[in-house]
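I opened this entry to keep track of what I looked up.

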Amino acid sequence: MSWHVSLGRLAGKLEAKAARLFQDRARDRGSRADVDPEGQRHTRLIEAGTPLSSETIREACARGSLVIPDDLGEEGYVIQSGDSDLPVYVAALSERGVLYGLGKLLRLINFTADGEEGRRFPALDLVSRPEKPVRGIYFATHFGNWYCHAELAEVQAYLEDLALWGVNELLVWFDISHYRSLEEGRPMLERLKTFESYAREVGMRTGRTAVSNEGFLGQVGQGRAMLRTNAFDELDYHPLRSRDRVFGGYDTDICPSKPEGRAMVLHNKRMYFSELAEVQSFWLWPYDQGGCNCPECLPWPRTFMELNRELANSLQEAVPGIDVNVSAWWFEGHRKGEDDAFFAYLAEDDKQEASWFKYVMAGAIEARRWKLGGRVLPARHPVVLFPEISMFDSVPWGGKGGNPAPRRFAAEYAELSSGLAGAFPYSEGRYEDLNKVLWAQMMWHSEAKIEQIVEEYCRFYFGAEVEKEAAQLVFDMEDILTGSGQGKSAQQLDESVAAIRDRLKPWARDGWRWLLLELRCRMQLCLEQLAVLEQDLTNAETDARVQEWEKEFTAVYERVQSELNLHRPGASLNLWIHATADKALDFFLGREDVINLTLDNLMNDDDSTKLGSRLTSG
């Protein structure tokens, strides 16, 4: 099976990149796609481009055989196909539109069909444009996860995949609390710059986030998690360390109300800003890390915003024209009244002719609270959501494999999408790949049925012959991982996996996306069997069966953690990202509660103290 993608003679770099991605993804599925200059005649021909780049597209528009709406926008596209002897048009008003259109066409093709059916395009007259301008993704690049350890070529391919689904901005964090200086963190800095270069190649904007009052390792602390108020004063009190947070933050955070502390924060940021010449947006963060609740800093949202204004001026000097944004993550989590202080600042800012920041990022908790409380942000500061798609399922995060939750996120989006400019889902790795796609596609077209998005995903990655069955598997998995008490048992899911796997082509069966789902179902079966057996441990036969299931659990778990997630002992955040199989089994079966580990446990367990030390190298 083969296709020909014809590009205009004036095609830009992104159009050429989009055609190569089409070619590569077709090849990955056992098909062939050639990229040719316009003017050649082929069967199964795809004419891709804009009226400016392609004479063929321009002429088709002139004679009325192709219509590109004037209001298509910078990211919309048109896909038009009819008689099998005529070309398929993928047309847009911009290069990004061509990219997204070719991505959509890829997902419509039946790559597993044989004979004449596989040589046909579906008859299409599709006009599509995104509803939300910000369809981002946040890679958590500071906990020793897949983003920290994967080969760069794999990260590049993954960013390309996300772009084909309509993701248009990448956000990453260089966490200075891991390093004593920028130079010590240089390997990670350069890695993030490489990520950003890959993202720009596929039309994405690039952004960085940073805690406003973060410090380098050793400036005021040793990189330990503050699991109780002023946790380490008795060990190594520092007068510039942030104070009085009930939970959260690190001992490297700096109090900006002390003149020496503010000077340290501003100096740190000026050094860091010099590294951001090609970054297009910056997002200043108040908490998890970060924050100070000493009397001089209260209320923290006001101190946070006043500090941010100074940081924004410094950033604009270093990177003229960069978009500066703020986050309201975890407001009200430490102190009541933080929303009042934040909205009071916004009201004052709204009286000014111009503002120094653009977007306000909020988690689902903040956005929901504001909506219920009738709080409305000034029109010039739209909300960008920060949905959590990684950690809701298990600790260690991703330890069970794939965690698809389409109904959960469809409900969350339906509740909170009104008035949003978009979202940056929080990602700890590839194991929540389907959840990323769900958010990207819901932000593109909120009226799309969630079942259609899941089926399109399954069609593209597993094959058209199994898309319905694979999609049903995804929804059945969600019933189990969310504890709904409905749907199939783990045994039935395991049987469904076996039936689908037998029908998969090798490119689908051996792909990491399928393996994350397959291994998740197998692990659920292990956990289900062990939970039943633990009710009766009175005889040797039961004990032997427990050992057998524990052995299988360990094999499956280690494959997920080591092979697919790339979580590594000593290099990944202990317990939350990496845990041994026996520890993970205790968590999964409820034998031990990782959420309520106390500071004393951490201080008395040499291995567990790594939870607070984080990473010290890129």
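Is strand β11 (residues 323-327) mostly covered or mostly uncovered? I found it mostly covered, with 4 of its 5 residues buried (under 20% relative accessible area; exposed is over 50%, partly exposed in between; 1.4 Å probe, protein chains only). I note that this is a predicted model, where local features need pLDDT of at least 70, side-chain atom pairs count only at pLDDT 80 or more, and totals for chains, interfaces and linings use all residues. Residues are numbered from 1 along each chain as its sequence is written, and side-chain values use heavy atoms, with hydrogens and water left out.

Next I looked up the neighbours of β11. Helices (H or I, at least four residues) and strands (E, at least two) are DSSP runs, numbered from the N terminus. Strand β10 (residues 281-285) pairs with β11 in the parallel sense over 4 bridges (pairing needs at least two DSSP bridges). In this pairing, Trp-283 stands opposite Asn-325. Strand β12 (residues 360-362) also runs parallel to β11, joined by 2 bridges, and there Val-360 stands opposite Val-326.

Then I turned to the rings. I counted 41 aromatic pairs (Phe, Tyr and Trp rings, the six-membered one for Trp, with centres within 6.5 Å; planes under 30 degrees apart are stacked, over 60 edge-to-face, the rest tilted). Phe-174 and Tyr-272 have ring centres 5.8 Å apart and planes at 25 degrees, so I logged the pair as stacked. Phe-174 lies in the loop between β8 (169-173) and α6 (186-201) and Tyr-272 in helix α8 (residues 259-273), so the pair ties together parts 98 residues apart in sequence. Both residues, Phe-174 and Tyr-272, are buried.
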